[in-house]
Amino acid sequence: MNCQEIQPALSEYIEKSLDPIRMKAVETHLISCIACRAEAESLIDCIQQVAQLPILDPPLGFAQRVMTQVREIEAKPSKWQKLFTSFKIAVPLQATAVALIAVLALTLYQKQTRNHDLTRPPMTPISPAPLSLDQAGNSPTQQAFNSVPTGSTAIKHEKFRSGLAQLSSEQLDKTANVQPSSPKVHSTVAAQSPGSGAAENSAGDIKNPFTRRTPIQAQEVATGIGGFGATRDPFENAPSLGGSFRPGFFGPEHFLSPMTEPMADIEFMVRRRAQSRDENIAGNDASRQHQENGVAPAAIGQGNPPSVAVREVRWFAVPADQYQQFRKELVSEADIESEKQIGAMEKDPASNSNRELLIKVIIVSPAER
Amino acid sequence: MSNQAKEMVADSISDAECVRRVQRGQTDAFEILVRRHEKTIFNLIYRMLGDPDEATEVSQEAFLSAFRALGQFRGEANFSTWLYRIALNHASTRRRNLNTRQRKVVPIENAEALHDPQPGPVEVFEKKEIREKVQVALNQLDAEDAAVILLRDLQDVSYDEVARVLEIPVGTVKSRLHRARQALKSRLMPYFCAKRKAV
């Protein structure tokens, strides 16, 4: 070993902390090397000088002064100690933070839920069935096309007695074509020609005397029909011709002049059932007189309750042997307030199976007293 | 209980037990730790600073810092090792502040004299002069070099514990110690050479 390798090891050699091999090597080198031996001696002096420095006692009362300040510290805990811990109990900062975050999150969630409920559009209530539904739940439009129970009869205007204006076949075609659910009425009515006899109404055509037909626009009736005119109800309660037309048992409305009104065989006065028919559509004009073209009895009780009392007059030409059926269906639609035979005929209208009965139906609104 | 009895009781309680007691709130147990280690800490800090008043103040601060931090002491190292570290940190901080001023060696003459039984006047003077020289030389070293010399040569702390106190490897302790001793030697060499010549 040379001097450069020996001198860094001299401190450990002096303290005898080298391994035996290195100890021997250093010792051997020092025997022959004056410089390293002088260096070693200098280091020994320094170590001894430091080691021989006196160990001094601290000033008197040092421990007491320290403990006095310790007790002052204990009496006044630090900021962190005030917040969280003494030596006895440790409240983890993390646990406190987690608790605060949980409370904050819960508060925000509740607030958001409340706001969402407030901003959500209100539930649209399920609208009730329109008042125009009939007892079977059919809308007025549906009722217009529903087939009526058996016994329908093709109503032919040309069967009216003298004084009645007759619908043109064209007008009949119009009304028939719009009623797809009543093909027989279609064919029957379309085939009708002015002046044709009642015999042409076959039994098959009668199955649905009250087959709903597409309501004829009042304007059409008023303008296109000969002998028919838009007249004012003498009582000034009938709906105007310009108003929208509603389907139903008392469907197409044909205004008849009181001067041209035929003489009915049977006259009914019926009252519509309340909240069953939209009499507002009829308006506030004088009551009208109608000719029924096979419009099936349907919801007399359709539509909204009338805002004003109106009377309607409907005319039906019903084969005598179908009278009972007609009457039965009339009862199902309205309340019969009066029934009287006007024309000269046998007591039992149904017994006259060979003729048609002209039936006048005066429809009174529920509001009328 | 007499003071002697108290000392006997205090001596029977280990540092670790005292620490546990203090952590449980028994503050009086800290006094045992103070009395047990006050001399060591005071001397270490005094030799680092060279001023007894400064050493007293810094030593108190070191103990108070230890008391405040005792809640975080996990017992992974010896209490003495942990206390040394606190003391050296305080001493190094104060040493840096004192370097801005002219630092003088203020010997504790009376105390040092008591350590020399039957000293002659010359010997007392020489020894006093040597100690002052050594202290001056220590003051001129870097704080790290001074610390390792004082721990190893003054306090006779083992290489392993020095490594734990300074938080450096043992090999680094040895190399640093050799470097520090050579630095100290170089500062003391003129005096030693003159002395040898005089002899």
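Predicted model: local features only at pLDDT ≥ 70, side-chain atom pairs only at ≥ 80, totals over all residues.
Glu339(A) belongs to strand β4 of chain A and Arg327(A) to helix α13 (residues 323-333) of chain A, so the pair ties together parts 12 residues apart in sequence. Helices (H or I, at least four residues) and strands (E, at least two) are DSSP runs, numbered from the N terminus.

Glu339(A) is partly exposed at 34% relative accessibility, and Arg327(A) is partly exposed at 27%. Here buried means under 20% relative accessible area, exposed over 50%, and partly exposed in between (1.4 Å probe, protein chains only).

## How the model was read

Residues are numbered from 1 along each chain as its sequence is written, while chains are lettered from A and ligands numbered from 1 in the order in which they are written. Local features need pLDDT of at least 70, side-chain atom pairs count only at pLDDT 80 or more, and totals for chains, interfaces and linings use all residues, with side-chain values based on heavy atoms, leaving out hydrogens and water.

## Other salt bridges

Across all chains, the whole structure holds 26 salt bridges. Another one pairs Lys340(A) with Glu267(A) at 3.7 Å, N to O. This pair links distant parts of the chain, 73 residues apart: Lys340(A) sits in strand β4 (residues 334-341) of chain A and Glu267(A) in strand β1 (residues 266-272) of chain A. Lys340(A) is partly exposed at 45% relative accessible area, whereas Glu267(A) is buried at 12%.

Over in chain B, Arg20(B) and Glu17(B) form a salt bridge whose closest N and O atoms are 3.1 Å apart. About one helical turn separates Arg20(B) from Glu17(B), because they are three residues apart in helix α2 (residues 15-23) of chain B. Arg20(B) is partly exposed, at 40%. Elsewhere, salt bridges with shared partners connect Glu15(A), Arg152(B), Asp153(B), Asp156(B) and Arg181(B) in one network.

## Nonpolar cores

The largest nonpolar core has 69 residues, of which Phe30(B), Ile45(B), Ile149(B) and Leu184(B) touch the most other members. Such a core is a set of buried Ala, Val, Leu, Ile, Met, Phe, Trp, Tyr and Cys residues joined through side-chain atoms within 4.5 Å. Helix α3 (residues 28-49) of chain B contributes the most, with 12 residues.

A separate core of 14 residues includes Phe268(A), Phe326(A), Ala334(A) and Leu357(A).

Notes:
Salt bridge = Lys/Arg side-chain N within 4 Å of Asp/Glu carboxyl O.
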